[in-house]
2 protein chains.
Amino acid sequence: MAEPALDGLIEALRRLPGVGQKSAQRMAFHLLQHDRDGAARIAASLQKAVADVRHCDRCHTFTEGAICSTCSDERRDARLLCVVETPADQAALERTGSYKGLYFVLMGRLSPLDGVGARDIGLAQLIERATDGTVEEVIVATNFTAEGEATAHVIGETLKSRGLRVTRLARGVPIGSELEYVDLGTIAHALSERR
Amino acid sequence: MAEPALDGLIEALRRLPGVGQKSAQRMAFHLLQHDRDGAARIAASLQKAVADVRHCDRCHTFTEGAICSTCSDERRDARLLCVVETPADQAALERTGSYKGLYFVLMGRLSPLDGVGARDIGLAQLIERATDGTVEEVIVATNFTAEGEATAHVIGETLKSRGLRVTRLARGVPIGSELEYVDLGTIAHALSERR
């Protein structure tokens, strides 16, 4: 088939993460056959987001102004700074309703194999942000994966050397789980960090 | 978070088939963080496809002109008409290199539960197309699912009553498979249709 508009669309949809040739084809067919309004809306939303969405000057998360709504919320406790990998992680913490401090979003994690270094996660900006004189404690809430732990280690060492109090989310047995099915590393941590 | 451009993008991406809240979020973050060029390209491709892609007047598949490249290829055998559900099914048949006739693409299948009836799959147009005086045999290549079989049955009865020769793709054991792992219905069919 020589249909440049259709082939071009399938090719473009493959740039979405986790979408291969078959999924891209299915998406293109679905939109063109059943949901042309949806296709137009996705196109318009993409263009609007590319034009309007930038990074917050203070915490690096996505925002449309210079400072995001969380950073500009004066009811927040500015003495606490929580470091997360992504806006999705921040959203998970927000949903708990039990954290009232501010955030710094790395927009990634250290990953030497993928060429992601200290510059890409804004380590210099994090240091500047954490040493503003108001922040007293930095809670490192990167993921408990190998890369997240390595990132937490680097951030922890860097900030501690500047005299900041640095803590890490507690590791332990998830609520609702049975010990029998929890991995050994987690149980070992929960034992050594018992309280 | 009150970020209308970002939230609007996530909401719009959920219109893609098979994409829920989490995937849409992941896609939006990925595009905005790592691939803004890709986002712009997807937007442009969607707009171009919505504007340019229409249905072939003869076979109903997606095309950018009035008649698709397959239907306008004079080396094709116009006495054979193969009925498929989707352009992807047509592409699968084309890849075999063993079919030289023409196609009619239903762009769906009969599915009363989803409100898809004879009009939606263009049954009237198929009848008109198959009774053009040139077509001698209609090969029904709808999928071997419950809905595909029902669609094949309806098409078969309708076209046979108009004096056309109607055939169906052979059912049988897939090449490279071991009988032990083939489902019983397929083996029973392969037995009764042995040759």
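**Notebook: chain A overall, then a few residues of chain B**

I started with chain A, whose secondary structure comes to 7 helices and 6 strands (DSSP runs, H or I of at least four residues for helices and E of at least two for strands, numbered from the N terminus). Before going on, I noted that this is a predicted model, where local features need pLDDT of at least 70, side-chain atom pairs count only at pLDDT 80 or more, and totals for chains, interfaces and linings use all residues. Residues are numbered from 1 along each chain as its sequence is written, chains are lettered from A and ligands numbered from 1 in the order in which they are written, and side-chain values use heavy atoms, with hydrogens and water left out.

**Chain A**

Reading from the N terminus, I get the order α-α-α-β-β-β-α-β-α-β-α-β-α. I looked up the radius of gyration next: chain A has 21 Å, while a compact globule of 195 residues would have one near 16 Å (taken over C-alpha atoms, with the globule rule being 2.2 Å times the number of residues to the power 0.38). The C-alpha trace spans about 65 × 45 × 35 Å along its principal axes.

Of the 195 residues, 43% count as buried (under 20% relative accessible area; exposed is over 50% and partly exposed lies in between, with a 1.4 Å probe and protein chains only). For contacts (heavy atoms within 4.5 Å) between residues at least 6 apart in sequence, I find that 47% join residues at least 24 apart.

Charges: I have 24 positive and 27 negative side chains in chain A, and the centres of the two sets lie 2 Å apart. Lys and Arg count as positive and Asp and Glu as negative, with His and the chain ends not counted; the place of a charge is NZ of Lys, CZ of Arg, CG of Asp or CD of Glu.

**Cysteines**

How many disulfides does the structure hold over all chains? I get 0, with a disulfide being a pair of cysteine sulfur atoms within 2.5 Å. Cys82(A) is in none, and its nearest cysteine sulfur, that of Cys59(A), is 11 Å away. Cys68(B) is in none either, but there the nearest cysteine sulfur, that of Cys59(B), is 3.7 Å away. Cys82(A) is buried at 2% relative accessible area, and I read 2% for Cys68(B), also buried.

I found Thr70(B) in the loop between strand E2 (62-63) and strand E3 (77-84) of chain B. Buried or exposed? Thr70(B) counts as buried because its relative accessible area is 11%.

Leu102(B) is buried, at 4%. Its contacts beyond four places in sequence include Thr70(B), Cys71(B), Leu80(B) and Arg129(B).

**Asp57(B)**

Asp57(B) sits in the loop between strand E1 (54-55) and E2 of chain B. With a relative accessible area of 52%, Asp57(B) is exposed. Leaving aside neighbours within four places, I see contacts with Ala66(B) and Ile67(B). I also checked Arg129(B), 72 residues along the chain from Asp57(B): their C-alpha atoms are separated by 9.9 Å.

**Ser45(B)**

Which residues does Ser45(B) contact, beyond its neighbours within four places in sequence? I get Gly8(A), Leu9(A) and Ala12(A). Ser45(B) is in helix H3 (residues 36-52) of chain B and counts as buried, at 11% relative accessibility.
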